[in-house]
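Subject: Structure handover

Hello,

Here is the structure for you to pick up.

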Amino acid sequence: MRDYDDIIAFLGEWGPFQRLIFFLLSASIIPNGFNGMSAVFLAGTPEHRCRVPASANLSREWLNASIPLEERDGRLVPQRCRRYSLEALANFSARNLVPGRDVNLSQVEQEKCLDGWEYSRDPYLSTIVSEWNLVCDDDWKTPLTTSLFFVGVLLGSFVSGQLSDRFGRKSVLFATMGVQTGFSFLQIFSTSWEMFTVLFVLVGMGQISNYVVAFILGTEILGKSVRIIFSTLGVCIFFAIGYMLLPLFAYFIREWRMLLLALTVPGVCCVPLWWLIPESPRWLISQGRFEEAEVIIRKAAKMNGVPAPAILLDPVEKQDMQAKQQKGLLLDLFRTRNIATITVFSLLLWMFTSIGYFGLSLNTPNLHGDAYLNCFLSAVIEVPAYVIAWLLLRNLPRRYSIAGTLFLGGGVILFIQLVPPNLNILSVILVMLGKFGITSAFSMLYVYTAELYPTIVRNMAVGATSMSSRVGSIIAPYFVYLGAYDRFLPYIVMGSLTVLIGILTLFLPESYGNPLPETFEEMLRVKGFRNRKHTYKIGSSKQSELNSRNMRASL
């Protein structure tokens, strides 16, 4: 029986229909670039110090000396979370004593910032940190905000896979677009950190769901040669475009509510795409909805100006396909030893790569130099990374391509600790080179995972592994937080994990040069799998065991 690629071969690879789907689905990814990294500026922490109210009645000398100094980056600067006791300072000021001459400041009692904080308005006019005082004793809320966004991303990764496998790619794609845009807009009206964070979780759910389903929809509609370009130069570069526009918007809009409003507008522009993007014919066929699939394929043929065969699927093929229809469950990703091994390795690969990617991305404001420029460079470096990933996917085996880029990224990150303190620019260059390698590997994971699993659970597999990567993204903000103890510690940990998973990647099977599997039986014939002749039936493990016993008995 012909597979789906054989059925639609008459359409060609790069006609008007394929070009339309390519660019529309890629464009729908741009808002993901905004929302995925928006916490870098929405939750930025400006310089701050304890506020001294005018009612303290301090002289100018004592007002200037009211904040203790501490050494930070080789400079003496005011402490962020402590001040001298205002009661003591008011007494000294009333007695006309001079700080440092008449009073030894090191012996003056200190207290917390009981009257709040004063925030620098450079580089941010306002962020959620300055809005709700997420500093000092509450500074743990800042990384938690970002982590909870990625908790939403994790939930979305899990839900989107199952929903789109059941209800279709197109419906779930646009539903999650609405979730992402709608709840981002509601965040503007947040009255508390708790409200903002709950809405941020929902935004995260829509953000990744949209990304994953758009990727799967394009993978299933486009032909094999275009599929790789779409997965790298299409989806990924348009994500990078959104990421690059984020620091540009943030540079000119430095108030967090107005910035958030500007970032939600592009999502509204995606609404008309509903009438232009079709459902996946491959998914419709897997559900036994042959007539609907034929209508879409014939419309594509008309758009491409090629004649469609009178009969796309003959009755015998439909019966065979219907007989082969199988319902996938999450447990099917672990049903046999080979599949379970592949799934576990894939989960680890996604998680550790995600830690490196998001850890480096979220750490850009802490690098030497301008925060907006560093964020922009972090986004720009992704474009050549995606181009290299595309070239590697076209010409080299998947395992070696992914492992090689992970070794590059992890090795460079580990080297940062050897850079002298006075060569800050070199450190930034190495961080960007490490981001280049990890980004290249990350972009290839979608293609690799989609090629390993059959249609009935492909979206579920990509969703599950993507969900694993979100576990890494949830942890990533705390890797950045390790820099408060040692500025090299985040790089040492992230670099070590990246090199380790690069080694494990070499044990995965190779999918290069094979057609997308339609069933689990075809999945087991992919080069590198063991027990290639074993017949697998979803949902009937007991029958499989009985068949195995009968086979051994006959031998």
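Are C50 and C113 buried or exposed? Both are buried. Here buried means under 20% relative accessible area, exposed means over 50%, and partly exposed lies in between, with a 1.4 Å probe and protein chains only.

Some ground rules first. This is a predicted model, in which local features need pLDDT of at least 70 and side-chain atom pairs count only at pLDDT 80 or more, while totals for chains, interfaces and linings use all residues. Residues are numbered from 1 along each chain as its sequence is written, and side-chain values use heavy atoms, with hydrogens and water left out.

Disulfides

A disulfide is a covalent bond between the sulfur atoms of two cysteines. The rule used here asks for a pair of cysteine sulfur atoms within 2.5 Å. By that rule there are two disulfides. Counting bonded cysteines along the chain, the pattern is 1-3, 2-4.

Strands are DSSP runs of E, at least two residues; helices are runs of H or I, at least four; both are numbered from the N terminus. The torsion about the S-S bond of C50 and C113 is about -60°, so this disulfide is left-handed.

The other disulfide is formed by C81 and C136, with sulfur atoms 2.0 Å apart. This pair links distant parts of the chain, 55 residues apart. C81 is in the loop between β3 (75-78) and β4 (82-84). C136 is in the loop between α7 (128-132) and α8 (141-167). For C81 and C136 the S-S torsion is about -95°, so the disulfide is left-handed. C81 is partly exposed, because its relative accessibility is 29%. C136 is buried, at 13% relative accessible area.

Two further cysteines

C269 counts as exposed, because its relative accessibility is 55%. C375 has 0% relative accessibility, so it counts as buried.

S346

Where is S346 placed? S346 is in helix α16 (residues 337-362). Its relative accessibility is 3%, so S346 counts as buried. Contact means heavy atoms within 4.5 Å. Setting aside neighbours within four places in sequence, S346 is in contact with L452, Y453, T465 and L508.

Best regards
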